[in-house]
Amino acid sequence: MAQDYDVIVIGSGPGGYVAGIRAGQLGLKVAVVERDPFYGGTCLHRGCIPTKALLHTATVLDEIREAGGIGIEVAEPRLDMEKAQKNKQKVVDSNARGIVGLFKKYKVEGITGSGKIVGPGKVEVTGEGGAKTLTTQNVLVATGSVPREIPIAPSDGERILTSDHILQLGRVPASLAVLGGGAVGTEFASMFTAFGSKVTLVEMLDRLLPAEDEEVSKEVQKAFRKRGIEVRTGTKLTGVETTDGGVRLSFEGTDDKVEAEALLVAVGRAPYTEGLGLESVGLETQRGYLEVDALGRTKADGVWAIGDVITRGPWLAHKASAEGIVAVEQMAGHPTRPVDPKRVPSVVFTEPEVGSIGLTEAAAREAGYDVAVGKFPFAAIGKAKIEGKSAGFFKIVRDKKYDEVLGVHIVGAHATDLIAEACAALQVEATTEDLFRAVHAHPTLAEGMAEAAHASHGAAIHF
Ligand code: FAD
């Protein structure tokens with residue numbers, strides 16, 4: 001008997017909706033099931049896009065404060081949080097409408113409701129009109145993740161917040177404690193500092209952004225301290241009391257307390273598979289995550305998974321999208337290539353920004369490469385001086401034997417955009433010679449990439 005669909009995608013985050021569009025382009029009969037009343041998932045509604053919209057407000061605020069230095073006299077700017085939130089929502093809504101338009105264009109059927117696998121090739125969707133069972137050749141699980149919570153600091157949406165809560169905040173707390181020095185914690189610390197909160201950032205490990213190259217962590221930490229953020233690394237939270245004014249935090253090995261109006265718990269994300277019916281196809285999870293092969297296939301025939309819900313990180317929007325494309329290409333018999341997790345860039349939108357890809361210096365040495373490193377400071381780039389953005393550096397890690405670029409780490413203005421060149425370089429296994437012989441336009445921040453490549457041979461021109 002013919003099935004209703006070639007593929008049913010459960011979840012419409014950047015993994016699911018992109019997979020849906022690519023499936024439509026390839027002529028597959030596809031439906032995307034989403035339990036939220038809108039498409040786009042965490043990234044569009046509770047993650048990447050709303051944070052960056054508010055961070056843009058934060059950046060402009062800081063730029064206005066510094067405008068006197070380049071000859072523009074303005075009064076002290078005042079943040080209107082309500083308007084900032086409205087602007088954020090406008091951006092989110094516009095993108096969500098965009099997905100609806102793209103679904104129409106590529107003949108993707110969007111279905112609102114909760115999806116549950118009820119047996120091989122069967123998905124039950126429960127929505128406003130009740131439940132219906134659809135049949136399909138393939139199921140693609142793209143159910144993503146939710147904020148991870150810890151028992152000593154359960155969120156209440158008032159004083160103890162997750163990223164979901166803080167994104168809706170209509171006020172700026174006078175003081176904010178942030179637990180977790182990863183990308184989410186540092187971005188909110190950076191944002192609320194610009195908004196005027198006194199921020200204390202607590203991280204159990206010995207440095208912020210522990211997945212980044214050590215020198216990058218140090219640079220961000222230095223910049224944060226300069227901006228007045230109290231950074232407490234190597235600090236383990238042991239207790240949270242609520243007080244009249246907010247929260248009081250205690251830590252291991254010290255009587256020292258931190259008081260703040262609110263606490264943001266940013267200790268990572270947990271994969272989401274609740275009520276998904278995995279048992280009906282004999283699937284188990286590993287610490288909540290689904291295990292898949294390089295193309296996204298689970299051990300159950302015709303069940304695939306991508307994005308934040310799978311064991312293989314990094315858990316980022318662009319990785320989810322890339323995996324979604326690969327999975328449906330494979331289903332359609334279209335030539336494809338697995339996503340290489342080592343070639344997935346990481347981006348952090350703090351002030352200063354971070355963009356990185358490939359091996360850190362320590363990881364390259366640990367992997368046994370004969371390593372050379374080239375560093376070039378933003379302070380020596382003409383365009384950075386023009387923009388008053390002299391903090392940070394480009395760092396290239398290369399293999400001496402073949403001159404191959406192993407990793408690129410940028411901390412500084414527009415690092416999240418500048419890393420794109422390195423993504424292409426790693427994809428084509430470029431050498432640092434390829435990078436420094438590629439002529440970079442002047443005056444641009446991107447010149448730092450060519451200079452760092454030169455520097456890895458001890459021959460930076462402007463430093
Ligand atoms: P999700 O985006 O989580 O989407 C899953 C969808 O599935 C949701 O819409 C959910 O409602 C739906 N769903 C779940 N179960 C069911 C069901 N049974 N039936 C129907 N629907 C279901 N990443 C970046 O790359 N860059 C960033 O700048 C960035 N910033 C972030 C900032 C914050 C504050 C947060 C929290 C995350 C950020 N991320 C960022 C991470 C990024 O949001 C995730 O990696 C990405 O959203 C994962 O995509 P996904 O498609 O796997 O899942």
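Me: Buried means under 20% relative accessible area, exposed over 50% and partly exposed in between, with a 1.4 Å probe and protein chains only. Why is D213 called buried?

Reply: The relative accessible area of D213 is 2%. That value is under 20%, so D213 counts as buried. This is a predicted model, in which local features need pLDDT of at least 70, side-chain atom pairs count only at pLDDT 80 or more, and totals for chains, interfaces and linings use all residues. Residues are numbered from 1 along each chain as its sequence is written, and side-chain values use heavy atoms, with hydrogens and water left out.

Me: What makes D213 and K395 a salt bridge?

Reply: The closest N and O atoms of D213 and K395 are 2.9 Å apart. A salt bridge requires a side-chain nitrogen of Lys or Arg within 4 Å of a carboxyl oxygen of Asp or Glu, and the pair therefore qualifies.

Me: Why is the pair of D213 and K395 said to tie parts together?

Reply: D213 lies in the loop between β10 (198-202) and α7 (214-226), whereas K395 lies in strand β21 (393-399), so the pair joins parts that are 182 residues apart in sequence. Helices (H or I, at least four residues) and strands (E, at least two) are DSSP runs, numbered from the N terminus. K395 is buried at 1%, and both residues belong to a network of salt bridges that also includes E215, E361, R365 and K375.

Me: How do you know whether K222 and E219 are buried or exposed?

Reply: K222 has 54% relative accessibility, which is over 50%, so K222 is exposed. E219 has 13%, which is under 20%, so E219 is buried. Their side chains meet in a salt bridge at 3.6 Å, N to O.

Me: Why is E241 called partly exposed?

Reply: At 36%, E241 falls between 20% and 50%, and therefore counts as partly exposed. Its salt-bridge partner R248 lies 3.0 Å away, N to O, and R248 is partly exposed at 24%.
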